[in-house]
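Open the model in a viewer and keep the sequence panel beside it. The stops below say what to select next and what is there.

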Amino acid sequence: MLTNELEHYLNGLLKPEQIKDFTPNGLQIQGCNNITKVVTGVTASKALIERAISEQADAILVHHGYFWKNESYVIRGMKHDRIKSLLVNDINLFAYHLPLDIHPTLGNNAQLANLFNIEDVAPLELGNPLSVAMQGSFKQEWRGEDFAKLINTTLERECLHIAPPSNKAIKTIAWCSGGGQGYIELAAEQGIDAFLTGEVSEQTTHIAHEMDIHCFAAGHHATERYGIKALGEHLAKEHGLEVVFIDIDNPV
């Protein structure tokens with residue numbers, strides 16, 4: 001598959017033009033012109049690039065790429081080493097950030113909904129069909145401690161559970177993969193029982209306690225493995241590309 005053909009397909013599938021992002025989406029570093037093998041992963045770290053080189057991949061497809069808003073324009077140090085490795089080995093780097101979070105079937109949030117059997121999925125930001133955070137419900141009620149155990153087993157990562165004073169049963173939930181802790185207050189304002197995300201901030205504990213909502217922080221990386229993996233599997237099925245998902249462990 002030609003590089004520009006793959007970029008055109010991914011852009012048509014993920015529609016990055018629909019949402020304002022903090023980074024360019026699409027082909028970030030140009031490599032060889034013909035792609036037969038793709039390595040997928042969460043972040044375009046040096047470790048992932050080295051694995052892609054050993055796999056003799058033509059392209060890397062990630063959720064976290066480069067050139068973030070407000071970062072330095074200078075290409076030196078860590079950034080130089082990463083980009084040089086890609087260029088010397090003629091490897092393409094494709095990255096899709098928020099467009100992958102929000103995709104209705106392949107996205108990080110959609111994949112989390114599948115993993116935890118969440119039903120009645122809808123945007124958390126009412127009236128915004130491109131809401132990054134989502135909400136839904138369960139068939140049965142969960143005790144907070146039992147849902148925490150389910151997260152630990154499903155994501156293979158011990159989550160942080162901040163229980164509210166009432167320790168109420170969980171029937172409704174809102175969630176946002178990665179660093180979505182800023183949405184917890186919106187979830188609480190809508191009377192939702194629990195909020196699941198990757199990270200927490202200092203104020204998250206106070207919000208959970210004072211607004212009576214369970215909070216589960218299951219790791220930025222752990223909550224964002226599944227969208228990029230699903231996207232790679234989709235490419236393999238639809239276009240016959242050889243795709244290898246490589247999970248570079250990250251405790252954050």
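How many aromatic pairs does the structure hold? The structure, which is a predicted model, holds six aromatic pairs.

**Stop 1: aromatic rings**

Select Tyr66 and Phe67 and show their side chains. Their rings form an edge-to-face aromatic pair, with 6.1 Å from centre to centre and 85° between the planes. Tyr66 counts as buried because its relative accessibility is 5%, under the 20% limit for that class. Phe67 has 29% relative accessibility and so counts as partly exposed.

Keep Phe67 selected and turn to its backbone. Phe67 is found in the loop between strand S3 (59–64) and helix H3 (77–88). Its phi is positive, about 65°, although Phe67 is not a glycine. Most residues other than glycine have a negative phi.

Now select Phe116, Phe138, Trp142, Phe147 and Phe216. These residues form one aromatic cluster.

**Stop 2**

Is Asn117 buried or exposed? Asn117 is exposed, because its relative accessible area is 58% and the class begins over 50%.

**Stop 3: the six-stranded sheet**

Switch to a cartoon view and colour the strands S5 to S10. Six strands form an open sheet in the order S5-S6-S8-S9-S10-S7, and the pairing is mixed. Strand S5 (119–123) and strand S7 (160–162) are the edge strands, each pairing on one side only. From one strand to the next, the twist averages 20°.

S7 pairs with strand S10 (residues 214–217) in the antiparallel sense, over three bridges.

Next select strand S8 (residues 170–176) together with S9. These strands run parallel and are joined by four bridges. Ile173 has Ala194 in S9 as its bridge partner.

Stay on strand S9 (residues 194–197) and show the side chains. Which residues point one way and which the other? Ala194 and Leu196 point one way, Phe195 and Thr197 point the other way, and all are buried.

**Stop 4: the five-stranded sheet**

Hide the strands of the previous stop and colour S1, S2, S3, S4 and S11. This open sheet of five strands has the order S1-S4-S3-S2-S11, with mixed pairing. At its edges are strand S1 (26–29) and strand S11 (242–245), each of which pairs on one side only. Neighbouring strands of this sheet are turned by 30° against each other on average, direction ignored.

Select strand S2 (residues 37–43) with S11. The two pair in the parallel sense over four bridges. Here Val39 stands opposite Val244 in S11.

**Stop 5: the largest pocket**

Show the surface and select Ile102, His103, Pro104, Thr105 and Pro129. These are the residues nearest the centre of the largest pocket, which is lined by 20 residues. The volume of the largest pocket is about 320 Å³.

Which helices each supply at least two residues of the lining? They are helix H1 (3–14), helix H4 (98–102) and helix H5 (108–115). H5 gives the most to the lining of the largest pocket, with four residues. By class, this lining has 12 nonpolar, six polar and two charged residues.

**Stop 6: the second largest pocket**

Select His64, His97, Gly179, His220 and Glu224. They lie nearest the centre of the second largest pocket, whose lining consists of 16 residues. About 230 Å³ of space lies in the second largest pocket. Its lining residues divide into five nonpolar, nine polar and two charged.

**Stop 7: a distance across the model**

Finish with Ala47, in helix H2 (residues 46–54). Ala47 counts as partly exposed because its relative accessibility is 32%. Draw a C-alpha to C-alpha distance from Ala47 to Trp142: the two are 38 Å apart in space and 95 residues apart in sequence. Trp142 is one of the residues of the aromatic cluster at the opening stop.

Technical notes. Residues numbered from 1 in each chain as written. Predicted model: local features only at pLDDT ≥ 70, side-chain atom pairs only at ≥ 80, totals over all residues. Heavy atoms only, no water. Phe/Tyr/Trp six-rings, centres within 6.5 Å; stacked < 30°, edge-to-face > 60°. Buried < 20%, exposed > 50% of the residue type's maximum accessible area, 1.4 Å probe, protein only. 1 Å grid on protein atoms, 1.4 Å probe; cavity = no way out; pocket = protein on both sides within 12 Å on 5 of 7 lines; lining within 4 Å. Points joined across faces, edges and corners; volume = space filled by probe spheres on them. Nonpolar A, V, L, I, M, F, W, Y, C, P; charged D, E, K, R; others polar. Pairing = 2+ DSSP bridges. Axes fitted to C-alpha atoms, helices over the stretch in contact; angles between N-to-C directions.
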